[in-house]
Amino acid sequence: MDKKDLFYSIARPNIRDMEEYDPGPTYPDFVRISSNENNLGVSRKAIEAIKNAVSKCNRYGDSRCDRLREKLARKHGMIPDQFVIGNGLDGVFTMLGRAFIEPGDEVVCGELTFSVYAEMAEIMGGRTVKVPMTENIELDTGGFIKAVTEKTRMVVFCNPNNPTGTGTGIRDIRKMLDAIPEKVLFVLDEAYIEFADENTADGLTLLNEYPNLMVCRTFSKVYGLAGLRVGWIAGDPELMKYLYKVREPYAVSVPAAAGAEAALDDIEFLTESVEMVRNEKKKFYDFFRTNEISFISSQANFILLPLGEISTGLRDGLLKDGIIVRLLRFRGKGVIRITVGLPEENSLLMEKFMNNYEAAKNKAN
Ligand SMILES: Cc1ncc(COP(=O)(O)O)c(C=O)c1O
């Protein structure tokens, strides 16, 4: 038998034809404003803690990350048993799939949202039900309610949503939670919540009211630790027990746990990061308005430009100028997601933008 056919027949049927995750280009010397990282770098406190932890790597770490969970509990006025720490939020979604999704289960998420939710469902043999976006390309909370059926096991709602950057307020989150049966798990992904204003819901405030609610956050975004891989989920301790059963025993490395603990204390770095993103977003909005480029106002550290057929040419042109932005697809058309970078990176993008935009537009016509 041909090797390719042989291995195809051995692989689990539901992953055979899956697309591999595509991170896009990541050339180190380019201006990288494509993956919603924090371009300010790594907090000095975290660097120090990571360095100190390296010499302890002959030992396995603390399997449950007790110190980090205690710190998080203190910060958010909760208890450590409400938290599970994972190898990034991606690792948390792996646990969610392993613990809760059976073949045939439906997982409801947005039509244009973070791709890992659908991958989690597919890998487990579940079915993803995508709720169409509203006319303004926002998550449609009413649509989420309507999409829930007898077969729904989990709803995943991203707030602020990646890649649109739009935020949903507490009233609409509550409406969904009130309408959805208790046996359906509701996962709120708040990876970008630190960048949002007070109109975007803070899901942690709802945990005590809704036992089926879980809230996830990450150290990869505002905390500047995307390469370290630490994320967490919070929910009812009785529910969290099932995630502990399926976790990789040492998913969070010793330096990763130490770096995350230290990053939590570096309030200065956090404040500086949030302020930079807020100020720089305003400059982008002015630039896009002046040049009549359509964009979506964002509650996160990135901005989405629904530019259709211009998108591919624009992405390619900017790449030639040493700038990496992210090209995604929505209903078959291109959209460009720009991460808010350092002031000088954003200025360079604005300087190079219009030439590339016009060239891409001419080519598309
Ligand atoms: C909405 C959302 N959730 C989760 C993640 C994954 O984060 P992590 O780096 O913690 O795995 C990302 C990363 O881009 C994201 O955008």
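How many of the twelve residues of helix 9 are buried? In this predicted model, the count is eleven of the twelve, so helix 9 is largely enclosed by the rest of the structure. The buried set runs through Val-254, Pro-255, Ala-256, Ala-257, Ala-258, Gly-259, Ala-260, Glu-261, Ala-262, Ala-263 and Leu-264. These buried residues pack against helix 2 (44-54), helix 3 and helix 10 (267-290). The length of helix 9 can be checked as well: at 1.5 Å a residue, its twelve residues should span 16 Å, and the end C-alpha atoms lie 18 Å apart, which agrees.

The side chain of Asp-265 meets that of Lys-71, with an N to O distance of 2.6 Å. Asp-265 belongs to helix 9 (residues 254-265) and Lys-71 to helix 3 (residues 66-76), so the pair ties together parts that are 194 residues apart in sequence. How accessible are the two partners? Asp-265 has a relative accessibility of 39% and therefore counts as partly exposed.

With a relative accessibility of 54%, Arg-331 counts as exposed, while Glu-111, at 23%, counts as partly exposed.

Another salt bridge brings together the side chains of Arg-217 and Asp-202, at 2.9 Å from N to O. Here the partners are 15 residues apart, with Arg-217 in strand 7 (residues 213-218) and Asp-202 in the loop between strand 6 (185-189) and strand 7. Is Arg-217 buried or exposed? Its relative accessibility of 7% places Arg-217 among the buried residues. Asp-202, in turn, is partly exposed, with a relative accessible area of 32%.

Finally, salt bridges can also be followed through a group of residues: Asp-66, Arg-69 and Asp-81 are linked in a network.

Conventions
Residues numbered from 1 in each chain as written. Predicted model: local features only at pLDDT ≥ 70, side-chain atom pairs only at ≥ 80, totals over all residues. Heavy atoms only, no water. Salt bridge = Lys/Arg side-chain N within 4 Å of Asp/Glu carboxyl O. Helix = DSSP H or I, 4+ residues; strand = E, 2+ residues; numbered from the N terminus. Buried < 20%, exposed > 50% of the residue type's maximum accessible area, 1.4 Å probe, protein only. Expected span 1.5 Å × (residues − 1). Contact = heavy atoms within 4.5 Å.
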